[in-house]
Amino acid sequence: MRQLTIQDLDALSLGATILGSGGGGDPDNARMLTQYLMEQYGPINIITVDELKPDDLVVPLSMMGAPLINRERLMSGKEWDILLERVKPTVLMSAEIGGANAFTALLAAAKSGLPVLDADMIGRAFPELQMSSCYLNHRRATPAVMVDCLGNRLVLETTDAKTLENIARAATVAMGSSCLIAFYLMRGSEVAGSVVEGSLSKALSHLEPKMLAHGTLVDIDQEVQAGFLQGSVTIQSDQGKIQLFYQNEYLLAKRGGEVLVATPDIIVLMDANSGTPLTSERLSYGLQVSLMTLPAPEIWKTAEGMQLVGPAAFGINL
Amino acid sequence: MNIIGIDIGGTNTDAVLVNKENIILSSVKYPTTEDISVGFSEALKQLQPYDAESIFLGTTHATNAILKRKGLYRVGLIRIAGQRPLLPPAYGWPRDLREAVLGGVETIDGGFECHGGPLTPLSNAKDAIERLLEKGVESIAIVGVFSPINGEQEKQIAELVGQRIPISLSSEIGGIGFIERENSTLLNAALKKVMQTGFTSLQKAAGSIPLKITQNDGSLIDMARAIEYPVLTISAGPTNSFMGGVRLAGLDHAIVVDIGGTSTDVGLVRKGFPIRSVNQSHIGGVMLNFPMPDVCSIAMGGRDLVLKQLDQLIAPLQKKGEVPVLFVGGGSALLPASYFKKGYQKPPYFTVANAYGAALAEISGTVDTVVSLRNREEVLHGLYEMAQQRAVDLGANPATLRLIDQQIIPYSYVPNQMARVVIRYSGKRVNRPH
């Protein structure tokens, strides 16, 4: 076990944004709220998978919907207060380490004193609930519980994860386009092998993405389709003209016909002036960028993994 | 008819007289006085004779009030937020500023969702207002969830306050982003005290010549609006210096270094406008969401300026290659000749670039809201027209309007193609051909 302190939060924010591969939303507001809560309630305990007890109830948490909503409709705390009261977990886990969700379990842990597992279900960010290690390991996605900032709560039981994604997505819109969801609940004995271990530690560590090219963003072509920011941007770079395709997360970088990097490998676009990673919402003409990459989490490199989150899953034909 | 551009800085009050072709006819530098209207009057006197139709003024007076925590009202905040936000107001502010400004907080039910429907029904604010008044607050700030989409609730609460004390409505001050907009509204409410007296005294000193104020993006607002929304004027200074500097050098693209008596600002101008940081602008440690120029500042000026530190600020902006570096401001006169390597220059009238920038100021209209982009072309067209109309209402010549900023920030992971859209149009004042 280790303790997460306020001093760790900036590093976590940076690491989470890098692992977000352009998606997952800006962690800024979540980081600020986490800090506020930790100032009241103290450091957060982080435990590893081998420290779990067999009958622990491990509850993965995720904010669902548009991260930008929470910048305007600030969170109330009822989201996790009510969820914890209903579900009664003994251990919490952020379902997704990429982007703002790296902080979701921490928000629930701060006041409750519950430990947070050093793990997640994705190893990066992906947009849909079934894109997770638990799905690959045939875990049951439901019962799932959703709570919004007003305290409205919903319990769902579905036949499979994709159906959960569809119903929960519609419910999220009815809840003002943002809510907290707990899903893929597991007993301590079921966790090993079902999650991506060490995600928090990884996000806190000194990540060293591999440099691919330096250049300037020219020609942004994007639109919002079915809730996903889809588009492509051209980078005029020292390695030639590179095209970057994204659907919230950056999915593919090509130079002419040559694929430089593709999902599930992580793509990082660093703003050269500020030295910070850019989420896909922040792209604008004229930005000087560095295109970098990190290898995909191991779970996605299998045939089943590729089927779920490879280029074809996003409608990209290579 | 000519225009007088004036910049009241921390150290000096600069004034220029500019003709219709934007040529500087004369310039004056006078030490800034404790009562800013005295230095202002003296500078005007020394600028005579002039045949001026207007005075355009930029000043750091509001910025200084915040930085010094002097002359600020104690503010009572009303949050219209039915979900009851967990994060308190003024979180992360320097403690002394928070204590000087925040006199009381009341949260009431109400607010909107991103699609425009109600978050919760609006509760009666009467008791909340009474409690704030009992605490002795001198100015009220009202901030509602998603109020930039619909300002009605904030207006209703304002009516309950009535004429008792000054009121600041967040929907009229900032765009989407609750914390940043709340910060701006709190500062606005606090600044009304010093800016009311300051601007009124300047108005008197200007006499019969109309006086307009430059705001954060370098465009003009009239006195009544500046007194109502002083927070809009806080970073006009650097904007004026940067724009004045490039115009004096006849360039569109340059790094501008403004060396003053006590501080130095470095910024990048592209296509004639300083590059802006919408989401990360801040003043005195407080996060705001105005499009303010992306400025790097050193709290050193004049002879104290360490040239090595200055080089470190200039270097990253030069990454793209040969970008000219312009030096403006009184402190630039102290730079040794040996410092000026290739591409470094002091344009003519560099010591009064800020006043010149003010004289060139235009009028802008902005829209910052959340919409569905389902009928993208139609919706954007409507927003363009709204922004243009706002500029025209403020005195812009419609024939000179052009789009200077467009940002579309989509709300990911939800359908209906919701997005935050920021549109800004700028144009010359009516009767001003250039």
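Where does A:Ser21 lie in chain A? A:Ser21 sits in the loop between helix H1 (9–19) and H2 of chain A. The model is a predicted one. Phi of A:Ser21 is near 50°, a positive value in a residue other than glycine. Most residues other than glycine have a negative phi, and most peptide bonds are trans.

Chain A also holds cis peptide bonds. One runs from A:Thr142 to A:Pro143, with omega near 15°. A:Pro143 belongs to the loop between helix H6 (133–136) and strand S7 (144–147) of chain A. Another cis bond joins A:Thr263 and A:Pro264, where omega is about 10°. A:Pro264 is found in the loop between strand S16 (258–262) and strand S17 (266–271) of chain A.

Now turn to chain B. Four strands form an open sheet there, in the order S6-S5-S7-S8, and the pairing is parallel. Strand S6 (102–108) and strand S8 (167–169) of chain B stand at the edges. Each has a single partner strand, so one side of each is left without a neighbour in the sheet. From one strand to the next, the twist averages 20°.

Take one pair of strands in this sheet. Strand S5 (residues 75–80) and strand S7 (residues 139–144) of chain B pair in the parallel sense over six bridges. Here B:Ile80 stands opposite B:Gly144 in S7(B). Helix H4 (residues 126–134) of chain B packs on the sheet and touches S5, S6 and S7 of chain B. The direction of H4 in chain B makes about 170° with that of S6(B). Helix H6 (residues 178–206) of chain B lies across S5, S6, S7 and S8 of chain B. This helix H6 of chain B runs at about 165° to S7(B).

How do the chains meet? In all, 44 residues of chain A are in contact with 42 residues of chain B. The two chains bury about 3800 Å² between them, 60% of it on carbon and sulfur atoms. Three salt bridges cross the interface of chain A and chain B. A:Glu72 and B:Arg181 meet through their side chains in a salt bridge, at 2.8 Å from N to O. Between chain A and chain B, 12 residue pairs are in polar contact.

Several elements of chain A supply at least two residues each to the side that touches chain B, including helix H3 (69–72), helix H7 (161–174) and strand S12 (210–225). The largest share of that side of chain A, six residues, comes from H2(A). The residues on the side of chain A that touches chain B divide into 20 nonpolar, 14 polar and 10 charged.

Notes:
Residues are numbered from 1 along each chain as its sequence is written. Chains are lettered from A and ligands numbered from 1 in the order in which they are written. This is a predicted model: local features need pLDDT of at least 70, side-chain atom pairs count only at pLDDT 80 or more; totals for chains, interfaces and linings use all residues. Side-chain values use heavy atoms; hydrogens and water are left out. Two strands pair if DSSP finds at least two bridges between them. Axes are lines fitted to C-alpha atoms, for helices over the stretch in contact, and angles run from 0 to 180 degrees between N-to-C directions. Contact means heavy atoms within 4.5 Å. Buried area is the accessible area (1.4 Å probe) that two parts lose on being put together, summed over both. A salt bridge is a side-chain nitrogen of Lys or Arg within 4 Å of a carboxyl oxygen of Asp or Glu. A polar contact is a pair of N or O atoms within 3.5 Å; within protein, one must be able to donate a hydrogen and the other to accept it, and residues adjacent in sequence count only if both atoms are side-chain atoms. Ala, Val, Leu, Ile, Met, Phe, Trp, Tyr, Cys and Pro count as nonpolar, Asp, Glu, Lys and Arg as charged, and the others, Gly among them, as polar.
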